[in-house]
Amino acid sequence: MISGINLCVLCAAVLACLMVGSLHLRLNLFLYGVETLFIAGATVLTANAHGDASLICIAILIGTLKALGVPFFLLRTSEKLNVHRDVGAMITPPLAMHLSIVLFALSFVLTRNIPTPQLVVNGWYGAAAGISLLFTGLVVMLTRRLAIGQILGFLVIENGIYVFALTQTLGMPMLVEMGILLDMLVGVMVCGVLVFKIQKSFEHIDVALLTNLKE
Amino acid sequence: MNDINTDVLRSCSHWILFVSSIAILPPVCLTLIRKTKARLQSRIGPPLLQPFYDLIKLCRKSETVSSTMSGMFRLASVAGLATIILLAWLTPWLSYKPWSPSADLFLIIYLFALARVFSLLGALDSGSAFGAFGASREVTLGLLVEPALMLGLVALGLFCGSSDLRMIFSYPQTIGGGAAAGAGAAGIWLLVGIAILLASLIELSRMPVDDPTTHLELTMVHEAMVLEASGRNLALIEFAHALRMSIFFGLSAQCFVHALASVCRINTLTQGILSVVGIFGIAIFVGVLESLAVKLQWRKVPEFVAYVVSMSLLAAFVAAGNGGIKL
């Protein structure tokens with residue numbers, strides 16, 4: 001039987017795969033928000049299972065900052081820049097979505113033999129979800145051409161690392177978690193401002209054309 | 001002696017129940033969709049039996065036939081309805097069936113394709129340009145949705161170890177299924193249910209793909225094909241389309257019922273009631289969806305189909321990972 005924690009992180013991984021299939025920024029950001037809410041839910045369940053009160057605090061922070069704050073900030077940025085749809089690069093979104101689902105299945109094979117601490121029950125699902133989120137973030141970064149899409153892919157990778165750490169360990173020190181969260185938040189803010197600057201200087205945020213910067 | 005009498009009585013009542021479901025469920029589904037849309041637009045909407053009245057009205061009307069038509073036009077609508085009724089008998093879309101024959105999943109998929117071929121022939125035979133437009137779009141949609149649907153059903157077959165739909169849809173009652181099957185089984189049924197539901201929206205040319213209430217012939221799919229039909233012919237086509245809709249909704253509802261059955265125990269009576277309630281629930285969901293969603297650009301339809309394929313693909317992987325391969 002799959003536990004609630006594993007169900008939550010697997011749902012998050014599947015939602016991330018579905019996110020790859022559309023280029024609409026609003027839909028992407030919405031799916032990212034829901035995915036992160038699932039991860040926050042998994043954190044609450046882990047806190048319940050381990051009896052660790054600091055994890056609840058982290059879950060609340062993730063729920064408010066990462067699941068609501070970041071998507072709203074990026075949505076506002078995209079509305080200010082007047083971009084609603086990514087252009088897409090390399091692979092078309094439907095194929096990329098299928099690719100990320102294949103990678104989702106592959107991550108189960110890859111993580112089959114990862115050693116976990118004795119106390120972690122059924123760590124396989126969590127590890128697979130984490131690795132799958134990593135892959136999916138990579139696919140997002142590969143198939144998006146606008147800077148906001150790149151940020152989104154980076155955020156999905158960050159989610160993957162967090163899920164892996166959450167499910168494979170018996171809890172990280174709260175200070176480390178908070179530090180990572182803060183770093184990520186500042187990173188997104190800086191990226192948002194940078195995107196503005198890029199738009200101002202080059203009149204587009206297409207990362208494929210950034211090579212024009214070379215002399 | 002008494003036992004035999006009870007058996008006969010039971011099978012008779014099953015037959016009556018099944019045949020009346022075939023007659024009643026499709027028009028009621030149509031009304032539910034229209035009623036939901038009307039309610040969401042603050043209208044009262046049609047009465048519950050409006051599709052019946054429409055069918056009776058169409059049967060009474062005289063027919064206008066274009067001079068270019070051959071006998072194929074009329075034959076196509078009759079053969080289409082016959083194929084769909086055969087499908088209603090073969091497909092396990094209701095929990096209560098008097099006698100379920102064994103039906104391979106590939107047979108079902110290609111019988112649906114055969115029904116489509118008949119409607120295409122009818123549309124092309126009418127000789128109107130719009131009919132050909134509609135036929136061309138219908139073929140495109142059929143090509144797109146067929147692999148997605150097949151992958152979903154094959155995932156179920158992989159999980160249950162049989163390509164026979166009767167075996168697949170009686171799986172939770174037999175060994176290996178039931179309340180012990182757990183979350184993996186529920187996940188597969190749920191994913192395939194969603195895949196069939198989304199595929200049915202494409203297959204029946206409903207909202208995100210095509211607007212069934214549009215008056216613009218240039219964007220119609222199903223409506224463009226039946227533009228030249230009138231009178232009894234139109235009544236046959238409309239009823240066949242509605243029946244096809246309820247078969248698809250029923251198949252999807254069956255998947256959801258099985259998902260429920262693999263996490264908790266439900267008895268046969270509840271399953272029968274749930275299968276009908278599920279069809280109505282899906283019809284209402286489609287009504288809500290049609291009120292909220294906008295029609296996709298024709299070029300964006302493959303992106304929508306990709307989501308169906310993804311659901312089926314996920315289900316197939318879960319089935320393969322669940323130790324389902326024991327053929």
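Trainee: The axes of helix α1 (residues 4–20) of chain A and α5(A) come within 9 Å and cross at roughly 15°. Why is this pair called roughly parallel?

Mentor: First, a word on the source. The model is predicted: local features need pLDDT of at least 70 and side-chain atom pairs count only at pLDDT 80 or more, while totals for chains, interfaces and linings use all residues. Residues are numbered from 1 along each chain as its sequence is written, and chains are lettered from A and ligands numbered from 1 in the order in which they are written.

As to the angle, axes are lines fitted to C-alpha atoms, for helices over the stretch in contact, and angles run from 0 to 180 degrees between N-to-C directions. Angles under 35 degrees count as roughly parallel, over 145 as roughly antiparallel, 65 to 115 as roughly perpendicular, and the rest as oblique. The value of roughly 15° falls under 35 degrees, and α1(A) and α5(A) are therefore roughly parallel to each other.

Trainee: What is the handedness of the crossing of α1(A) and α5(A)?

Mentor: The crossing is left-handed, a word used if the near helix is turned anticlockwise from the far one by less than a right angle (right-handed if clockwise). On the α1(A) side the contact includes A:Ile5, A:Val9 and A:Ala13; on the α5(A) side, A:Ala129, A:Leu133 and A:Val140 are among the residues. The residues of this contact divide into 13 nonpolar, 5 polar and no charged. In that count Ala, Val, Leu, Ile, Met, Phe, Trp, Tyr, Cys and Pro are nonpolar, Asp, Glu, Lys and Arg are charged, and the others, Gly among them, are polar.

Trainee: What makes α5(A) and α6(A) roughly antiparallel?

Mentor: The axes of α5 (residues 123–143) and α6 (residues 147–168) of chain A come within 7 Å and cross at roughly 165°. This angle is over 145, so α5(A) is roughly antiparallel to α6(A). Their crossing is left-handed, and their contact has 15 nonpolar, 12 polar and no charged residues.

Trainee: How do you know that α2(A) and α3(A) are roughly antiparallel to each other?

Mentor: Helix α2 (residues 25–50) and helix α3 (residues 53–81) of chain A pack at an angle of about 175°, with their axes 8 Å apart. The angle again meets the cut-off, and the pair is therefore roughly antiparallel. By class, the contact of α2(A) with α3(A) has 19 nonpolar, 6 polar and 2 charged residues.

Trainee: How many helices and strands does chain A have?

Mentor: Chain A has 7 helices and 0 strands. Helices (H or I, at least four residues) and strands (E, at least two) are DSSP runs, numbered from the N terminus.

Trainee: Why does the radius of gyration of chain A agree with that of a compact globule?

Mentor: The radius is taken over C-alpha atoms, and the globule rule is 2.2 Å times the number of residues to the power 0.38. For 215 residues a compact globule would have a radius near 17 Å, and chain A has 17 Å, which agrees. The C-alpha trace of chain A spans about 55 × 35 × 30 Å along its principal axes.

Trainee: What makes chain B as compact as a globular protein of its length?

Mentor: Chain B comes to 11 helices and 0 strands. Its radius of gyration is 20 Å, close to the 20 Å that the rule gives for 327 residues, so chain B is as compact as a globular protein of that length.

Trainee: Why does B:Ile188 count as buried?

Mentor: A residue is buried if 20 or more other C-beta atoms lie within 10 Å of its own, exposed if 12 or fewer, and partly exposed in between; C-beta atoms are placed from the backbone. B:Ile188, in helix α7 of chain B, has 29 C-beta neighbours inside 10 Å and therefore counts as buried. Buried residues make up 48% of the 327 residues in chain B.

Trainee: Why is B:Gly272 called partly exposed?

Mentor: B:Gly272, in helix α10 (residues 268–292) of chain B, has 16 other C-beta atoms within 10 Å. B:Gly272 and B:Tyr96 are 176 residues apart in sequence and 5.8 Å apart in space, C-alpha to C-alpha.

Trainee: Which helix of chain B gives the most to the side that touches chain A?

Mentor: Two residues are in contact if their C-beta atoms, placed from the backbone, lie within 7 Å. On that basis, 12 residues of chain B are in contact with 14 residues of chain A. Helices α7 (182–203) and α11 (301–321) of chain B each supply at least two residues of this side, and α11(B) gives the most, with 10 residues. By class, the side of chain B that touches chain A has 8 nonpolar, 3 polar and 1 charged residues.
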